[in-house]
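Visitor: I would like to go through this model with you. May I start with the helices and then turn to the aromatic residues?

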Amino acid sequence: MVPTEQYYPDRAYLFAFLLSSRLFIKPHDLLAKVRSLCETQQGLAAKPTGSTAQARFAEHLVQLLAEWTETFPYDFRDERMMEHVRKITQQCCVINSTLRANVSALLHNLHPRLTALEAYEKSLENQCSHVDENFTDISEICPNPAILAQQLTHVELERLSFIGPEEFVQAFAKENPNLETSFKDMKKTHNLEQYVQWFNRLSYFVATQVCKYQKKKMRVRVVEYWIETGRECFNIGNFNSLMAIIAGLNMSPISRLKKTWSKIHSGKFAILEHQMDPSSNFSSYRSTLKAAMWRSEGATDQRQRIVIPFFSLLVKDLYFLNQGCSNRLPNGHINFDKFWQLAKQVTEFMAWKQVTCPFEKDPKVINLLQHGPILNENALALASFECEPPDNNQEKERCKTLKADPSAN
């Protein structure tokens, strides 16, 4: 990882190393080791000699810090990291004064990213505490399903953009208390968890929107509206919202509404369900995702570049890759092949999260999606029985229990 005047680490290697190293050493300890090696091996702390070799080494070291701050900016929320950065960049500028502009650009780029992260995390806290209790049919304020799919894409891309790549690795680390690192001062996996919660919220929001109507005709209209929104999400490449919509419409309080579903053209929904069919390890979705990635890679139009994966499956794939291979080889060495594979998958995710949403933003719609009321599981079940009464003994028993349950009313 440590550069010399002639050598600079390969970018893909550097990403894989920085991603996986945190399972074995804290980022600030790693940077301390890098600094120490640079001082003992490369003469970082020595008096400048004016040699081009020394100047070139200093340039490489500043470049290393620039890449680290660009790919893992959240590491630098730690004051111990920033202390090393200040010291190293000062030493580099003493050796090569032309690097002042590079150092200034490095810090200038890092600061707004950390400020934005802080603001985003605060806004998430506010979202948790602020729920609008008044029911509003989203199709009234956004009658066009294509526009709703665009607003869902805004929410998805914003939430994706704040997930640090290291959160995937730290999620594994949290589960394994035997790992060598103490995680007390590690960055949490808060943004990753919040994104998974957003998926659940959207599913419940869809189901709530359907169950709120006593009239069958209204429920039919709402279900068809969401099916159309799902289709538009599919066309955009927003597979996470699509899957959340399908999950919402497949919840038992919605799927049991036989009279409602009998009035719906089921063909359109069947096509969407087929795309996201979990059989053969989601083979249909995986081939669709590959096609979307292929389209994205060659695209010049931002709209063609959007790929929002079904996030829970991405996390599951990474989890199984982690579980299936040991962190160390039988001889005690680090199993770098495993981390290389892990980095490869996370690198794809990095490209997806950097796309800027090309659609016009409607704050009113986004506010309703994120703050609109949702019924809990029991309240949804009870609302469903009020829409279409129980039609067997098991449902009748369940309905009786729910009526007596304060959390359902």
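Visitor: What covers the buried residues of α15?

Guide: This is a predicted model. In it, the cover over the buried residues of α15 includes α10 (216-236), α11 (239-250), α14 (266-275), α16 (302-305), α17 and α18.

Visitor: And which residues of α15 are buried?

Guide: They are Phe282, Ser284, Tyr285, Thr288, Leu289, Ala292, Met293 and Ser296. Two of these, Phe282 and Tyr285, also belong to an aromatic cluster with Phe199, Phe234, Phe239 and Phe310.

Visitor: Where is the kink in α15 centred?

Guide: The kink is centred on Arg286 and amounts to about 35 degrees. As for length, the 19 residues of α15 (residues 279-297) should span 27 Å at 1.5 Å a residue, and the end C-alpha atoms are 28 Å apart, which agrees.

Visitor: Now the rings. How many aromatic pairs does the structure hold?

Guide: There are 21 aromatic pairs. One of them is Phe24 with Phe339: the ring centres are 5.8 Å apart and the planes stand at 90 degrees, so this pair is edge-to-face.

Visitor: Which parts does that pair tie together?

Guide: Phe24 lies in the loop between α1 (11-21) and α2 (27-42), and Phe339 in helix α18 (residues 336-353), so the pair ties together parts 315 residues apart in sequence.

Visitor: Is Phe339 buried or exposed?

Guide: Phe339 counts as buried, because its relative accessibility is 0%.

Visitor: What about Phe168 and Phe311?

Guide: Their ring centres are 6.0 Å apart with planes at 50 degrees, so the pair is tilted. Phe168 in helix α8 (residues 166-175) and Phe311 in helix α17 (residues 311-324) are 143 residues apart. Phe168 is buried at 3% relative accessibility, and Phe311 is buried with a relative accessible area of 2%.

Conventions:
Residues are numbered from 1 along each chain as its sequence is written. This is a predicted model: local features need pLDDT of at least 70, side-chain atom pairs count only at pLDDT 80 or more; totals for chains, interfaces and linings use all residues. Side-chain values use heavy atoms; hydrogens and water are left out. Rings of Phe, Tyr and Trp (its six-membered ring) pair if their centres lie within 6.5 Å; planes under 30 degrees apart count as stacked, over 60 as edge-to-face and the rest as tilted. Helices (H or I, at least four residues) and strands (E, at least two) are DSSP runs, numbered from the N terminus. Buried means under 20% relative accessible area, exposed over 50%, partly exposed in between (1.4 Å probe, protein chains only). The expected span of a helix is 1.5 Å times one less than its number of residues. The bend at a residue is the angle between axes fitted to the seven residues ending there and the seven starting there. Contact means heavy atoms within 4.5 Å.
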